[in-house]
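Work through the exercises below with the coordinates open. Each task is followed by its solution in steps.

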Amino acid sequence: RRLCYGTPFNQDYLHSIACNSSLSSAMMMSSRGAVLSSRAWLTAYQKSSARTGSKLPQFSVRRKSAKSAQDQATAQNDSAGVPIAKSLGAAAAGVLTVSLAAFVTEAATAESVPEYSPSGQRFDQSNFAGRFSRMLLACDPKLLLYTEDQVRSYQKMLEEHQQCPPEKARELWEARRIVESALHPDTGDVIPRPFRMSGYVPFNGPICVAMVASQSTAALLFWSWVNQSQNALVNYYNRNASSPMTNETLAISYGAAVGSALTVAFGLATFIQKRYDPISAKNMLRWVAFPSAVVASSLNCYIVRSPEIDTGVPLMDQNGKDVLPGATSQVAASRGVYSTTASRAILQAPVYFLPPVLMAAGPIKSFLTRSPAMAVPVTTYLLLVSFGCGLPSTVAIFPQISSIAAADVEPQYQQLVSEETGKTHEAFYYNKGL
């Protein structure tokens, strides 16, 4: 009966089997106690039926191939759907974890807070650890909770306390952190929350999760467009605003940036779907997000920021004072754009590679084996935490206020004399943007 599907044995079939000596001998156990396979059994029955005239029932052997089993498993996974509530909870937990990391970093350095200086930095910017700590605190999602009125009040407090006692140094450094998170350093304008560095994790993180989870070309293209549109606005609002940019230039830059992102994503997705079978292509589409994000984010940053190279950026002395008002340096501007573009490319690595490595670890892998429905929430949490720590790490590779040797800039700057020392400047400083 295990061989049959639909039409069972009846008494006539059983009688014909019992009365046929050829089939009976074929079904007898051999000297080693083995029986014929189902295929041999059916062949013997066909020969017997041909001699006896009995009609062979239409047997249908159940064969579940590996491919059909994989299709069924895929269908079950698709029908299960994404646990929306748990994924949203995991996203919130990821944002809180990044904010907690910033809180711990700030509290751990509270005892070593230097004297407050309007032109100085709380952390040593000459080394990576200091730049990372500064950027981690700048990317703290908690900074989004302050209203514009609160930010302006902190700004006013900083203006009134140019000199302060040591016991208020930490308070003033925190006030400055809040102000710098919301106001552009060149214009003083309020930056919209989705485009602040502190808003990168809660606003751009879920977009990256959607890109990684995309398993169709349409979904990949849509989230690539959303991602690059958001990145273009982040690059714009955090640019060096001392270099003017026309609306026409901005429109061209945005179109080229988003177009490059969609071209890379569509090209890779089309190649994979034509080259591989549907199941393999569906699994491979999630990896298209990484190379397309690297190329597109780099191009996005360069195209949006490239007008700065033509207009140049002003150079400052070590106190932040413009050394030659009205003049700009194209050499410094190009360095700022290139270093920022490089950091955008490097940023994609921890976002796309760290979560899979962590998920392959023993405890997490065992947990997901027992609870496969938690794969999406766990991926969401790990990706947001990796994003929140990877962003400060990559931005910290290059200091925001960068230095350049006087011998490397335009001739008009090389012979400028410092008002404080009475000697020619050995180095200048400029804001490269974020």
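Buried means under 20% relative accessible area, and exposed means over 50%. The model is predicted, and these cut-offs are applied to it in the exercises.

**Exercise 1. Decide whether Arg177 is buried or exposed, and find its salt-bridge partner.**

Step 1. Arg177 has 11% relative accessibility, so Arg177 counts as buried.

Step 2. The partner is Asp140, with 3.6 Å between the closest N and O atoms. A salt bridge requires a side-chain nitrogen of Lys or Arg within 4 Å of a carboxyl oxygen of Asp or Glu.

Step 3. Asp140 lies in the loop between H6 and helix H7 (148–160), while Arg177 belongs to helix H8; the pair therefore ties together parts that are 37 residues apart in sequence.

Step 4. Asp140 is at 2% relative accessibility and so counts as buried.

**Exercise 2. Locate the two ends of the salt bridge between Glu174 and Arg122, and name the network that they belong to.**

Step 1. The N to O distance between the two side chains is 3.6 Å.

Step 2. Glu174 sits in helix H8 (residues 169–182). Arg122 is in the loop between H5 and helix H6 (128–138), and the two residues are 52 residues apart.

Step 3. Both Glu174 and Arg122 are buried.

Step 4. Through shared partners, salt bridges join Glu106, Arg122, Asp140, Arg170, Glu174 and Arg177 into one network.

Step 5. The count of salt bridges comes to 9. Arg305 and Glu308 form another such pair, with their closest N and O atoms 2.5 Å apart. Arg305 counts as buried because its relative accessibility is 1%, and Glu308 is buried because its relative accessible area is 2%.

**Exercise 3. Describe the largest nonpolar core and state which elements give two or more residues to it.**

Step 1. This core has 24 residues. Those with the most contacts inside it are Met135, Met197, Val201, Val351, Phe387, Leu391 and Val395.

Step 2. Two or more residues come from each of helix H5 (84–108), helix H9 (200–213), helix H14 (330–359) and helix H16 (375–395).

Step 3. Leaving out residues up to four places away in sequence, Val395 touches Met135, Met197 and Leu434.

Step 4. A second, separate core has 14 residues, among them Leu143, Val151, Leu172 and Ala175.

**Exercise 4. Characterise the surroundings of Gln400.**

Step 1. Gln400 is in the loop between H16 and strand E1 (401–405).

Step 2. Its relative accessibility is 14%, so Gln400 counts as buried.

Step 3. Beyond four places in sequence, Gln400 touches Arg134, Tyr430, Asn431, Lys432, Gly433 and Leu434. With Arg134 there is a polar contact between side chains, at 3.0 Å.

**Exercise 5. Compare the span of helix H10 with the expected value.**

Step 1. H10 covers residues 217–237, which is 21 residues.

Step 2. From first C-alpha to last, H10 reaches 30 Å, close to the 30 Å expected at 1.5 Å a residue.

Step 3. The buried residues of H10 include Leu220, Val226, Asn227, Gln230 and Val234.

**Exercise 6. Identify stretches where pLDDT stays under 50.**

Step 1. The mean pLDDT of the protein is 77, and 77% of its residues reach 70 or more.

Step 2. One stretch under 50 is residues 1–38, for which the model has 42 contacts beyond four places in sequence.

Step 3. Residues 58–80 also stay under 50, with 18 contacts beyond four places in sequence.

Terms used. Residues are numbered from 1 along each chain as its sequence is written. This is a predicted model: local features need pLDDT of at least 70, side-chain atom pairs count only at pLDDT 80 or more; totals for chains, interfaces and linings use all residues. Side-chain values use heavy atoms; hydrogens and water are left out. A nonpolar core is a set of buried Ala, Val, Leu, Ile, Met, Phe, Trp, Tyr and Cys residues joined through side-chain atoms within 4.5 Å. Buried means under 20% relative accessible area, exposed over 50%, partly exposed in between (1.4 Å probe, protein chains only). Helices (H or I, at least four residues) and strands (E, at least two) are DSSP runs, numbered from the N terminus. Contact means heavy atoms within 4.5 Å. A polar contact is a pair of N or O atoms within 3.5 Å; within protein, one must be able to donate a hydrogen and the other to accept it, and residues adjacent in sequence count only if both atoms are side-chain atoms. The expected span of a helix is 1.5 Å times one less than its number of residues. pLDDT is the predictor's confidence in each residue, from 0 to 100.
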